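Biologist: Hi, could you walk me through the strands and helices of this one?

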Amino acid sequence: MIFQLPSISSFVTKKALSLFLVLFSVVTLTAQEVIKDQPTKEAPKTDSSKKMKVDGVIATVGDYIILDSDIDKAYLEIASQGGSVKDITRCQMLGKLMEDKLYAHQAVQDSVKVTDSEVKAMMDERLNYMTEQLGSMDKVVSYYKKNNEEEFRTYFFDILKENKLTSEMQKKIVDDVQITPEEVRNFFKKIPKDELPVFGAEMEVAQIVVKPKISDADKQKVIDRLNGFKKEIQEGSSFATKAVLYSQDPGSRASGGYYKMNRKTPFVKEFKDVAFSLAEGEISAPFETEYGYHIIYVEKIKGQEIELRHILLAPKVTEESLQEAKEKIALIRKRIVDKEITFAEAARTLSDEKETRANGGTLINPKTQDTRFELTKMDPSLYAQVSNLKENEISLPIPEELQEGKKQFKLVTVTNRINEHTADYAKDYTKIKELALKEKQIKAIAKWFDEKIKDTYIKIVGEYRDCTFTNNWLKK
């Protein structure tokens with residue numbers, strides 16, 4: 001589970017190392033390995049600049065081992081993603097790898113389920129990305145120093161499965177952690193005045209969206225095509241293959257339309273309603289969401305979770321419809337500028353965006369779930385649209401091209417600007433609550449580590465026993 005803190009002053013900076021070591025997962029490419037009896041070689045010195053001369057088991061956590069070379073692989077992976085490793089010691093990296101192994105080990109003990117189909121879907125998505133970055137699968141195989149693609153896929157499958165077990169275990173630990181208003185208040189009161197967080201400059205933004213209309217005839221063409229896919233699949237064709245070839249959902253197309261979800265998964269209501277109405281092995285009739293038309297095939301039902309595949313097709317928009325939408329958005333802007341109607345009223349009655357329409361067009365920050373956007377963390381495309389607007393100024397009509405070539409037009413306005421300021425309990429309650437919750441989650445994870453380390457077989461050998469760890473790995 002990934003958590004993000006707001007950009008604040010030294011208050012959070014002081015906690016950064018413990019957050020890194022206790023809460024966050026560095027995605028490292030260390031394969032799952034089962035313990036085997038073998039002689040332990042002496043660990044090298046912990047200076048990361050020195051060349052590795054030998055490789056051997058340096059730590060054991062439950063059913064997992066860590067090799068000295070795993071630390072080098074972890075450094076390589078962080079560097080390959082653009083991260084800096086100069087301030088991360090080998091001792092710190094070993095501590096992080098041991099945390100990941102303990103998460104994965106305990107996930108197995110607690111029967112946390114990670115299916116092979118789920119891992120395969122993750123692998124297909126990651127491999128597509130890596131192939132795009134490096135140019136070919138052969139280059140990916142060479143980068144990870146494997147002999148062939150089959151060997152690499154086996155290796156990478158084990159990595160992803162362990163990473164998924166780790167993230168699911170982390171999520172299980174913190175999911176039940178809740179915080180009360182009284183705890184938030186006490187958290188804030190305990191912060192010394194000279195250590196109060198400083199929140200960066202923010203703004204609140206609203207928008208009006210006009211989407212080109214699609215004719216009934218064009219909608220029916222898509223429905224007929226999906227019905228054709230359904231018939232062919234029922235006669236023996238592969239749903240996954242159809243999804244790879246024809247689905248217009250970039251998030252699942254490469255994995256054959258695969259998703260795993262429960263009722264809390266943030267999918268649009270229409271999609272979830274259909275998904276949870278189907279029996280295992282059933283294919284839905286075509287249905288509509290804001291993204292287009294879908295058919296869903298339910299592969300497995302496991303308690304409150306389902307594994308499914310879907311195909312998305314979006315009807316094509318004509319040039320005539322695009323022109324009508326462009327003229328409509330221009331007319332809406334003129335009415336607002338002429339004060340015939342307010343921006344909020346126009347959004348509620350004329351905008352085609354359901355998510356913002358009821359709130360007068362106000363955007364919700366997906367990272368914080370409040371209405372404020374910190375300028376340094378704002379999506380670059382949104383920032384470019386609003387950065388030069390004065391408060392309550394209306395932008396000119398903005399044409400937007402969405403995924404898979406879909407187009408729309410919008411107006412944006414800045415409804416409020418908040419300058420950089422020291423945390424205020426009343427004005428910044430949402431952010432303070434987030435910080436208080438993070439602290440409580442950190443404590444919950446620290447307690448979990450204390451308990452599980454005591455109950456798990458753990459061994460560290462060689463010079464790594466001289467490391468100073470955040471957790472009590474040496475059980476002193």
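Biologist: Which residue in E2 is the bridge partner of Thr60?
Modeller: The bridge partner of Thr60 in E2 is Ile65. Strands (E, at least two residues) and helices (H or I, at least four) are DSSP runs, numbered from the N terminus. This is a predicted model: local features need pLDDT of at least 70, side-chain atom pairs count only at pLDDT 80 or more, and totals for chains, interfaces and linings use all residues. Residues are numbered from 1 along each chain as its sequence is written, and side-chain values use heavy atoms, leaving out hydrogens and water.

Biologist: Over how many bridges do E1 and E2 pair?
Modeller: Strand E1 (residues 57-61) pairs with E2 over four bridges, in the antiparallel sense. Pairing requires that DSSP finds at least two bridges between the strands.

Biologist: And what order do the strands of the open sheet come in?
Modeller: The order is E2-E1-E13, three strands with antiparallel pairing. At the edges are E2 (64-67) and E13 (458-460), each pairing on one side only.

Biologist: Which helix lies across E1, E2 and E13?
Modeller: That's H4 (residues 90-109), running at about 160 degrees to E2. Angles run from 0 to 180 degrees between N-to-C directions, and axes are lines fitted to C-alpha atoms, for helices over the stretch in contact.

Biologist: New topic: at what angle do H8 and H16 pack?
Modeller: H8 (residues 181-189) and H16 (residues 429-455) pack at about 90 degrees, with axes 9 Å apart. That makes H8 roughly perpendicular to H16 (65 to 115 degrees; under 35 is roughly parallel, over 145 roughly antiparallel, the rest oblique).

Definitions and conventions
Contact means heavy atoms within 4.5 Å.
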